[in-house]
Amino acid sequence: PAAFARDAIGELERLYVRFSQEAGRDPALEDAARAETAGLQAGDPENRALWETFVRVSLAEFEAVYRRMGVRFDAVLGESFYQPLLQPLVDELKARGIAEDDQGAVVIRFDEADGKNLTPMLIRKSDGAALYATTDLAGLRYRERTWAPDRVVYVTDTRQQLHFRQLFAAARKAGLTGAELVHVAFGVLSLPEGSMSSRKGNVVRLMDLLDEAARRARVVVDDKSPHLDPAEREAIAEAVGVGAVRYADLSQNPQSDIVFEWDRMLSLDGNTAPFLLYALARCRSIQRKAGAPPGTVEGLRIGHPLERALALALLRFPEAVASALASTRPNLLCDHLFGLAQAFNRFYYELPVLRAEPQERVSRLAMVEATARVLGRGLEIVGIRPLERM
């Protein structure tokens, strides 16, 4: 209790790792844990009190991270929310012939019409305990009745692919939803020294990761922009650091395994958040030097091939957004924004803006504004705060 009072999440992580180690030496502990889980689901007062405490401190930790990442949920329904729905659902599926008893447990079996090579899906264990499969089926029915969604997207790592194949097949078999069901499977994030595992205790907390990213970004900002006010430099470092972590994840093919590398993530060159943020900040810097406030793209004319290439990249932005949404692959949008920033840099380095002839100057300033608009909106879509200066 004393350790839990000092650092609740740290103590829960320590217990989780210790149990994994002890259970490796004594498999009977796994049976004891399963019995406790069944007791919790049955409403055991002691287990429920502990569970409620753990949920409260865990949600507080999550919310702190979500606020920092700019993540907001319209509805948060934990696994326990569906607990009252589980037993009635299992009984209904048995009565309809969708599920059947199997050595004291309850399973849903599949045939060729449901999907090839699908093993039976366990929805109640022999000790009466429910599983993720049971909760997910109840969740689908609840979402159908509450929101009637057109599409339900599940985002988990690749190791859950069989589970979701079974879940989607069972949902179709039972007619629980009319929504399109999509599983977005993502790869594993690892450090250069090897993969992380919560059971082994070698996991880096996301909050610590964000702290380190902001600290490293602050070193760069202090070096590049010492003339800025310290408070502004701190705000820029936070935006760059948090944005770099987010972009390092979203810019990869979702199913690819990722090796986390600080130098690459925070680089001002390459497909990174700092590169895109710097391109946007350059647009705003050009406008400040020109005395041209942001807001107009009037007078934009296409003459030079580099202007045409940049204009085409700008025009393809809606297509990139639609493609990323339809395929549930945000990396497609990131790739487009990277290409757009590269096209803008070529335009900027090759064609004078501030020193151009009056008519060309108006046109190129309009091109700068158009680029800033699209880069800013693109960054917002992937959850990164645009910056006016860096």
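**Salt bridges in the predicted model**

Let me begin with Arg284, which counts as buried at 13% relative accessibility; buried means under 20% relative accessible area, exposed over 50%, and partly exposed in between, with a 1.4 Å probe and protein chains only. This is a predicted model, in which local features need pLDDT of at least 70 and side-chain atom pairs count only at pLDDT 80 or more, while totals for chains, interfaces and linings use all residues. Residues are numbered from 1 along each chain as its sequence is written, and side-chain values use heavy atoms, with hydrogens and water left out.

Arg284 forms a salt bridge with Glu388, with 3.6 Å between the closest N and O atoms. That term denotes a side-chain nitrogen of Lys or Arg within 4 Å of a carboxyl oxygen of Asp or Glu. Glu388 is partly exposed, at 46%. Both residues belong to a network of salt bridges that also includes Glu369 and Arg373.

How many salt bridges are there by this rule? The count is 27.

A second example is Lys173 with Asp114, whose closest N and O atoms lie 2.8 Å apart. This pair links distant parts of the chain, 59 residues apart: Lys173 is in helix α7 (residues 161-174), and Asp114 is in the loop between β2 (105-108) and β3 (121-124). Helices (H or I, at least four residues) and strands (E, at least two) are DSSP runs, numbered from the N terminus. Lys173 is partly exposed, at 28% relative accessibility, whereas Asp114 is buried, at 15%.

Finally, Glu212 forms a salt bridge with Arg215. These two residues are separated by about one helical turn, because they are 3 residues apart in helix α8 (residues 206-224).
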